[in-house]
Amino acid sequence: MLVYHTHSFNKNLRCLLGISSATVSHENFRRNQPGLRAVSTPKPRPLSFAESGALIVGGTSGVGLATARQLVASGVKRIALMARNVERGARARQTILAVAPDSDVRFVPGDANDPARAREAHDKVKDIIGSIDILVNSTTSSFAPELFHKTPVANIPTIINQLVVAPLQMCGLVLPDMRQRGTGVIVNIASDAAKSATPGETIIGAGMAAIVMFSKALAVEAKRDGIRVNVLTPSLIAGTPLTETIMKEGFSAKLFEKAASLAHLGVPEADDIAAMITFLASPQAARITGQAISINGGISAA
């Protein structure tokens, strides 16, 4: 970044500090004020999609699978899908190859919540596709919204672990190589529960807020290494396995039926979220980092 200091600015500043032109020249003044020097830092060159290798954690269904489809359609040639279910992984791989048969699409089994299995999967992805230049964390949990006083205290650590650990671990695994290369893109998926206090989403909100603040802080830390980090915070996502589960019955069904009624622009689908992820991963978003972006059809303005 190049910071310019105009003559009028320095003249006014000298007046405020009681420094006359006769006492100190413009150049001497700037040398004596290190914080006001012009600073030039090199801009990292964002990689094109054709140059990039991508890892989609939770890439076999929902937003993850939609993102993989859109990334290969946009030119990503090397892509790995990571998830626990091997059969679903094989089907997802065939789905992607149907869109882009010339792409190198692999499925790597792994559990992003388990430290050993997450590292094993990460290392295997590196061996298979080479550099991981784009990381998308699209994992979900099996926990449905419920009022806090109805949630057993013993379940709290498990719920938080399901919500929070996976994206943090995967970011920690890819970061060293991204820093060494001086480039990289990370997109995490949280939810609007991080921004809007909602009955039944006390624990979910705590976990999602953790992902959002982690992503923002990591963006500030990593920007000097040419790494961009953003986080999406959708609400309902139509047609995904998680939404279908929570809309079946009980408190969560009532909660999200009301939420859906507020989405006057329409309840977003997985492809809507994937489109934003694809944009954020692209060179067109080279100056965007540390942002928490809601895509919710108007459910809230968080």
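Guide: Let us take strand β1, which is mostly covered, with 5 of its 5 residues buried. The strand runs over residues 53–57. Bear in mind that this is a predicted model.

The side chains come next. From β1, G53, L55 and V57 point one way, while A54 and I56 point the other way. Residues on both sides are buried. A residue counts as buried when its relative accessible area is under 20%.

The neighbour of β1 is strand β2, residues 78–83. The two strands pair in the parallel sense, over 5 bridges. Two positions show how they line up. G53 stands opposite R78 in β2, and L55 has A80 as its bridge partner there. As for cover, 5 of the 6 residues of β2 are buried, so the rest of the structure largely encloses this strand.

G130 lies 77 residues away from G53 along the chain, yet their C-alpha atoms are separated by 7.0 Å. G130 sits in the loop between α5 (115–129) and β4 (134–137). Leaving out residues up to four places away in sequence, G130 touches R78 and V125. R78 is the residue of β2 that G53 stands opposite. G130 has a relative accessibility of 29% and therefore counts as partly exposed.

Helix α3 covers residues 62–73 and helix α4 covers residues 86–99. They pack with their axes 9 Å apart, at an angle of about 30 degrees. Angles under 35 degrees count as roughly parallel, and α3 and α4 are therefore roughly parallel to each other. Their crossing is right-handed. On the α3 side, the contact is made by L65, A68, R69, V72 and A73. On the α4 side, A92, T95, I96 and V99 take part. Sorted by class, this contact has 7 nonpolar residues, 1 polar and 1 charged.

Finally, the whole protein gives a background for these details. It has 302 residues, of which 44% count as buried. Its secondary structure comes to 10 helices and 7 strands. Among contacts with a separation of 6 or more, 75% are between residues 24 or more positions apart.

Terms used. Residues are numbered from 1 along each chain as its sequence is written. This is a predicted model: local features need pLDDT of at least 70, side-chain atom pairs count only at pLDDT 80 or more; totals for chains, interfaces and linings use all residues. Side-chain values use heavy atoms; hydrogens and water are left out. Axes are lines fitted to C-alpha atoms, for helices over the stretch in contact, and angles run from 0 to 180 degrees between N-to-C directions. Helices (H or I, at least four residues) and strands (E, at least two) are DSSP runs, numbered from the N terminus. Angles under 35 degrees count as roughly parallel, over 145 as roughly antiparallel, 65 to 115 as roughly perpendicular and the rest as oblique. A crossing is left-handed if the near helix is turned anticlockwise from the far one by less than a right angle, and right-handed if clockwise. Contact means heavy atoms within 4.5 Å. Ala, Val, Leu, Ile, Met, Phe, Trp, Tyr, Cys and Pro count as nonpolar, Asp, Glu, Lys and Arg as charged, and the others, Gly among them, as polar. Buried means under 20% relative accessible area, exposed over 50%, partly exposed in between (1.4 Å probe, protein chains only). Two strands pair if DSSP finds at least two bridges between them.
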